[in-house]
Amino acid sequence: MSEKKSLDGLPIRRDKKTGMPIWSDVREFALKYSIGVNRISKFLEGLMEKKIFATRCKNCGEMFFPPQMDCPRCRKSDMEWVELSGEGELEAYSIQYIKPKTFQHYEDYVIAIGKLKEGVKVFTWLRIDDVSKIKIGMKLKLIVNKRLPEGYLVYEFIPA
C-alpha cells in the first residue's frame, strides 16, 4: 500500500511498531473448530485416569508438552509417552482481571507457567484461594480437574 494513498473510509490502521497497514475490523465472529485427536488419544485417556503425559523423541531425547507426535527438532516421528510427575516450580504468572468474552463467566483467575522436574514448561491455570500467596519459585503440583460449568477435564496447577 502506497504511503501516498489515504486510509480514510477503510478499517485499516497503521501498526505502531512496524508502521505496516493492518485490517482492523470491528465485527466479531465465533470460531468453532474440530481437531483430530487420534494420534494423541493416550494423552486424553490419561486425563480420564487423572494422569498427565508428555512425549519424548526416541531419536534426540527432546520432551514435549503438550504432547507432539512428530519431533520438530530432528523431524522424526518415533515418540514415546512419558507420564509426568506433576511436581514443578512457578516461573511466571498473570492474574486475569480482564477476560476474553468467552471466559466472562469465570471469576478472575491466574494463568501460570511452571517448570516440571522433567524439564517441560506447562502453561495453564493456577488454582489458588489467595493471590497474595503467589511467589515466583513456589512449588506447584500439576493435577487433572473438572472445569465447571463446562465439565471438561483440564490440567491445572495448585500449590504443592
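I count rings of Phe, Tyr and Trp (its six-membered ring) as a pair if their centres lie within 6.5 Å; planes under 30 degrees apart are stacked, over 60 edge-to-face, and the rest tilted. This is a predicted model, where local features need pLDDT of at least 70 and side-chain atom pairs pLDDT 80 or more, while totals for chains, interfaces and linings use all residues. Residues are numbered from 1 along each chain as its sequence is written, and side-chain values use heavy atoms, with hydrogens and water left out.

**Pairs.** I looked up the aromatic pairs and found 10 in the structure. For phenylalanine 53 and tryptophan 81, the planes stand at 90 degrees with the centres 6.3 Å apart, so I noted this pair as edge-to-face. Phenylalanine 53 is in strand β3 (residues 53-57) and tryptophan 81 in strand β5 (residues 79-83), 28 residues apart. Strands here are DSSP runs (E, at least two residues), numbered from the N terminus.

**Burial.** I checked relative accessible area next (buried is under 20%, exposed over 50%, partly exposed in between; 1.4 Å probe, protein chains only). Phenylalanine 53 is buried at 8%, and tryptophan 81 is partly exposed at 25%.

**Around tryptophan 125.** I then turned to tyrosine 106 and tryptophan 125, an edge-to-face pair with 5.0 Å between centres and 85 degrees between planes. Tyrosine 106 sits in the loop between β6 (87-96) and β7 (109-116), and tryptophan 125 in strand β8 (residues 121-126), so the pair ties together parts 19 residues apart in sequence. Tyrosine 106 is buried at 12%, and tryptophan 125 is buried at 8%. I also noted one aromatic cluster formed by Phe103, Tyr106, Tyr109 and Trp125.

Terms used. Helix = DSSP H or I, 4+ residues; strand = E, 2+ residues; numbered from the N terminus.
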